[in-house]
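These are my notebook entries on a single model.

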Amino acid sequence: MAELLDPRNDFLFKRIFGSEENHDVLLAFLNRTFAEAGKPPLTEIILLNPYTDKDSPRDKQSILDIRARTAEGELINVEMQLFNKYDTEKRTMFYWSKLYSGQLQEGQSYKLLKKCVTINILNYSFLPNDQYHSVFHLREERSGIPLIDDIELHFLELPKLDDRAVPVEHGGLVNWLLFLKGTHKFNWEVLTMNEPVLKKAMTTLEFLSQDAEARRLYEDRQKFLHDEASMIEGALAEGEARGEARGEARGVLQGEQKKALEVAKKLLALGVEISIIAAASGLSEAEIIALKKQG
């Protein structure tokens, strides 16, 4: 039997959670996410960008997110991020704002705007806390009163699920996240004990792992994601190196400037002419005159 593919690959994640035939898988996952945040369950969702063959993993501009609409008209965006692209918070706000503002046609009333929920599943630690599930809203700082309920941001950080985390027997979000994190197959039976729809996600993963075309597309996407992560890390390292080099250069210049000032002060004290001091120290005559005025 072929080795299981990694469901954290965004191409594979969308195949499992964002296809029409797995509509119920996405709904179950969302309801577990919202239940943990104290929200009522959804009864129905409509996929706005279901997986199709056009979702090419070779397309470097492709964002393999999942967008859905609830029965009440609220919009939900789910995105899997295997590697840290940095500026996560700004990136999240940018895509949330596009989803929110994209609801209106020119001339339509702002009253038509519906709530937008973003769910980021991160394969890296992001927030300075120990929670694997963090939820943000727009609230007044001191009283905590909400300004508006239209913004809701979820961050699910897989590394914060300790390796010792155990499946929840009565079902729950932890079980879904353990599956995404790649828990060994011998844990699957416990994970699905009270999560029948999670079993469908697992079956889909097994099927795709044995499908030659799906595996080839998965490997294409995996290579692109690795290359992209390497380029980002390389650019950051190069930027840090340049910053250190500039710092060293500034340090040398500052040291030379200090020595020049010391030389000029000593020569001024001896009554040496300003033009001679300028030639000896490398300072301009204006700098030396200013130094002389300082006493």
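**Entry 1: aromatic pairs**

I counted 10 aromatic pairs in this predicted model, where rings of Phe, Tyr and Trp (its six-membered ring) pair if their centres lie within 6.5 Å. I took planes under 30 degrees apart as stacked, over 60 as edge-to-face and the rest as tilted.

I first looked up Trp-96 and Tyr-100, whose ring centres are 4.8 Å apart with planes at 15°, so this pair is stacked. Both residues belong to helix H3 (residues 88-101), four residues apart, about one turn of the helix. Helices (H or I, at least four residues) and strands (E, at least two) are DSSP runs, numbered from the N terminus. Trp-96 and Tyr-100 are both buried; buried means under 20% relative accessible area, exposed over 50%, partly exposed in between (1.4 Å probe, protein chains only).

I then turned to Phe-126 and Phe-155, a tilted pair with 5.1 Å centre to centre and 45° between the planes. This pair links distant parts of the chain, 29 residues apart: Phe-126 is in the loop between strand E4 (116-122) and strand E5 (133-139), and Phe-155 is in strand E6 (residues 146-157). Phe-126 has 22% relative accessibility and therefore counts as partly exposed, whereas Phe-155, at 4%, counts as buried.

I also noted one aromatic cluster, formed by Phe-13, Phe-17, Phe-29 and Trp-176.

**Entry 2: helices H4 and H6**

I read the axes of H4 (residues 173-181) and H6 (residues 196-210) as coming within 11 Å and crossing at roughly 5°. Axes are lines fitted to C-alpha atoms, for helices over the stretch in contact, and angles run from 0 to 180 degrees between N-to-C directions. H4 and H6 are therefore roughly parallel to each other, the class for angles under 35 degrees.

**Entry 3: His-23**

I located His-23 in helix H2 (residues 23-36). With 19% relative accessibility, His-23 counts as buried. A polar atom of its side chain lies 2.5 Å from the backbone oxygen of Ile-45. Leaving out residues up to four places away in sequence, I found His-23 touching Glu-44, Ile-45 and Ile-46.

**Entry 4: conventions**

Residues are numbered from 1 along each chain as its sequence is written, and side-chain values use heavy atoms, with hydrogens and water left out. Local features need pLDDT of at least 70 and side-chain atom pairs count only at pLDDT 80 or more, while totals for chains, interfaces and linings use all residues.

Technical notes: Angles under 35 degrees count as roughly parallel, over 145 as roughly antiparallel, 65 to 115 as roughly perpendicular and the rest as oblique. A polar contact is a pair of N or O atoms within 3.5 Å; within protein, one must be able to donate a hydrogen and the other to accept it, and residues adjacent in sequence count only if both atoms are side-chain atoms. Contact means heavy atoms within 4.5 Å.
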